Amino acid sequence: MSRIEESEMADAVSMVPARPIVARIRRLILTAGIAAAVYTIFTTGSRGYCPTPEGAVDPSCISLTLQPSGLIFLAIFAIVVVNLNFVLRRAHTVESALRYLDRAAAIIAILVVASVLISQIWFWMIPITDWDGTGTFFFPFPFGAVDLVTTPLNTQ
């Protein structure tokens, strides 16, 4: 056997254990992409309210729009990158590498589910019907971003 054939044989043998790791990395990236899409789709909403002119200090209508937060997308990306670095630096066996990748996928799924639930529940619990034209609302940051728009109430 020549040196080239031995080298090719050694490369082929060393790549076999990498197959499950590469497959799991592919699954992690797909999980991250699907989780980002699910988060984008389910972290949307809008509400509006116009108080009666008699009870309001400044008769205005309020409109709230819930949107995805960029911080959650950044967190998903960071989880993938950090765990790939863990696999490169800390994993000494295929099994430990797979554990790191599985944990990353689970953390991403938990983050997205929690973010959607927290942002939606918090958004719908904002007491806009108690609004009199003054005051402050607390939004579901960092789980979702809320855009607040006030417009004058036409009393004509």
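1. pLDDT is the predictor's confidence in each residue, on a scale from 0 to 100. The protein averages a pLDDT of 85, and 80% of the residues score at least 70. Among the elements, helix α1 (residues 3-15) has the lowest mean pLDDT, 58, whereas α3 has the highest, 96. Where pLDDT is low, the predicted coordinates should not be read in detail.

2. On conventions, this is a predicted model, in which local features need pLDDT of at least 70 and side-chain atom pairs count only at pLDDT 80 or more, while totals for chains, interfaces and linings use all residues. Residues are numbered from 1 along each chain as its sequence is written, and side-chain values use heavy atoms, with hydrogens and water left out.

3. The secondary structure comes to four helices and three strands, where helices (H or I, at least four residues) and strands (E, at least two) are DSSP runs numbered from the N terminus. From the N terminus on, the order of the elements is α-α-β-β-α-α-β. Taking contact to mean heavy atoms within 4.5 Å, 75% of the contacts between residues at least 6 apart in sequence join residues at least 24 apart.

4. How do α2 and α3 cross? The axes of helix α2 (residues 18-42) and helix α3 (residues 70-89) come within 10 Å and cross at roughly 170 degrees; axes here are lines fitted to C-alpha atoms, for helices over the stretch in contact, and angles run from 0 to 180 degrees between N-to-C directions. That makes α2 roughly antiparallel to α3, a label given to angles over 145 degrees, with under 35 counted as roughly parallel, 65 to 115 as roughly perpendicular and the rest as oblique. In this contact, I25, L28, A32, A36, Y39 and T40 of α2 meet I72, F73, I76, V80 and L84 of α3. These residues divide into ten nonpolar, one polar and no charged, where Ala, Val, Leu, Ile, Met, Phe, Trp, Tyr, Cys and Pro count as nonpolar, Asp, Glu, Lys and Arg as charged, and the others, Gly among them, as polar.

5. Helix α3 also packs against helix α4 (residues 94-125), and the axes of α3 and α4 come within 9 Å and cross at roughly 170 degrees. That makes α3 roughly antiparallel to α4. The residues that meet include I72, I76, V80 and L84 in α3 and Y100, A104, I108 and S115 in α4. By class, the contact has 16 nonpolar, two polar and no charged residues.

6. A search of the whole structure finds one disulfide, defined as a pair of cysteine sulfur atoms within 2.5 Å. It joins C50 to C61, with an S to S distance of 1.8 Å, and the link is right-handed, with 115 degrees about the S-S bond. C50 lies in the loop between β1 (45-49) and β2 (60-67), and C61 lies in strand β2, eleven residues apart. C50 counts as partly exposed because its relative accessibility is 41%, whereas C61, at 11%, counts as buried; buried means under 20% relative accessible area, exposed over 50% and partly exposed in between, with a 1.4 Å probe and protein chains only.

7. Buried residues make up 29% of the 156 residues. R19 lies in helix α2 and is exposed, with a relative accessible area of 64%. R19 and V94 are 75 residues apart in sequence and 9.6 Å apart in space, C-alpha to C-alpha.
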